[in-house]
Amino acid sequence: SCTVMSQEKESPIDSLFNAAKQYESNSDLYNASLCYSDAIKIARNSDESRLPELLLAYCRALTYLGDYSGALINIEEAELRAPSDNESLRGRLMTAYGTIYFFQGNFDEALKYYEKALECAENYGKPLGISISQTNIACVYGEKKEYEKAIEMFEKSLVAQEKAKDSSSIATTIFNIAQCHLDLKNYGEAYKSLNKALEVAEKSNTEILTLCLQGLAKVEAHNSNFEEAERLLDRSESIAYE
């Protein structure tokens with residue numbers, strides 16, 4: 001059980017929820033999950049209307065910790081308690097189900113729930129929700145080696161990201177498109193997409209920047225430009241160390 005300092009006028013549930021978010025921002029999912037668990041115990045006795053959101057947040061933490069059975073128990077209760085007219089919350093619940101199955105490698109089930117999440121996002125007209133669902137669906141197609149379908153869905157998700165000027169997501173999506181082209185051995189298309197992603201990632205996403213350099217090294221190696229491939233890998237490694 002985690003102990004937090006309660007701010008004046010902040011309810012114990014809010015204190016625990018905010019502490020959990022802080023732990024999550026520091027990648028400490030174990031302590032985040034303890035805070036969510038404590039908040040859920042309090043909500044059961046004092047404010048059951050808070051339970052769907054708390055159970056959903058707890059489910060996400062458990063999913064990333066690898067406790068899939070615990071995650072499913074909590075998301076099932078969250079779904080039962082969720083207001084039937086809240087499409088936004090329902091979409092996030094469907095996404096959480098999809099992610100549990102995705103992490104377990106059950107891609108057909110993951111696809112089913114991600115498609116339900118997309119339907120919810122389209123119903124409440126949230127471009128970001130639509131884009132996230134399209135990205136998740138594309139990732140499933142990638143895992144199923146249906147690369148053409150994955151590219152098509154990534155390109156759809158890119159439209160909303162470009163409207164929102166979300167540079168980090170744009171870089172990630174273009175890199176994912178490039179990765180599909182690499183898997184299809186479309187080296188020319190991969191090269192174009194990797195350079196495009198690289199340009200965006202240099203200002204917004206260091207992790208994708210290092211991955212783009214590695215992807216470009218694969219293309220150069222395929223073209224027997226081994227010195228250039230090595231130079232790109234050295235640069236990628238140097239940025240990763242930093």
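**Close-up 1. Tyr-64, Phe-102, Phe-103 and Phe-107 come together as one aromatic cluster.** What you're looking at is a predicted model, where local features need pLDDT of at least 70, side-chain atom pairs count only at pLDDT 80 or more, and totals for chains, interfaces and linings use all residues. Residues are numbered from 1 along each chain as its sequence is written, and side-chain values use heavy atoms, with hydrogens and water left out. Rings of Phe, Tyr and Trp (its six-membered ring) pair if their centres lie within 6.5 Å; planes under 30 degrees apart are called stacked, over 60 edge-to-face, and the rest tilted. That rule gives six aromatic pairs. One of them is Tyr-64 with Phe-103, edge-to-face at 5.1 Å centre to centre and 85 degrees between the planes. Tyr-64 sits in helix α3 (residues 51-65) and Phe-103 in helix α5 (residues 87-103), so this pair ties together parts 39 residues apart in sequence. Helices here are DSSP runs (H or I, at least four residues), numbered from the N terminus. Phe-102 and Phe-103 also pair up, this time tilted, with 6.4 Å between centres and 55 degrees between planes.

**Close-up 2. Arg-44, Glu-48, Glu-77 and Arg-81 are joined in a network of salt bridges.** A salt bridge means a side-chain nitrogen of Lys or Arg within 4 Å of a carboxyl oxygen of Asp or Glu. Take Arg-81 and Glu-48: their closest N and O atoms are 3.4 Å apart. The partners come from distant parts of the chain, with Arg-81 in helix α4 (residues 68-81) and Glu-48 in the loop between α2 and α3. Their C-alpha atoms are 8.8 Å apart. Arg-81 is partly exposed, at 33% relative accessible area, and Glu-48 is too, at 44%; buried means under 20%, exposed over 50%, and partly exposed in between (1.4 Å probe, protein chains only).

**Close-up 3. Glu-109 and Lys-112 meet in a salt bridge.** The N to O distance is 3.3 Å. These two are three residues apart in helix α6 (residues 107-124), which means about one helical turn separates them. Glu-109 is partly exposed at 24%, and Lys-112 is partly exposed at 36%.

**Close-up 4. Glu-227, Glu-230, Asp-234 and Glu-237 make a patch of negative charge on the surface.** Patch residues have over 30% relative accessible area and no salt bridge, with like charges joined within 9 Å. Glu-237 belongs to helix α12 (residues 226-241), and at 43% relative accessibility Glu-237 is partly exposed.

Methods. Patches are made of residues with over 30% relative accessible area and no salt bridge: like charges are joined within 9 Å, nonpolar side chains (Val, Leu, Ile, Met, Phe, Trp, Tyr) within 5 Å. Accessible areas come from the Shrake-Rupley method with a 1.4 Å probe; for residues, only the protein chains shown count as cover. Lys and Arg count as positive and Asp and Glu as negative; His and the chain ends are not counted. The place of a charge is taken as NZ of Lys, CZ of Arg, CG of Asp or CD of Glu.
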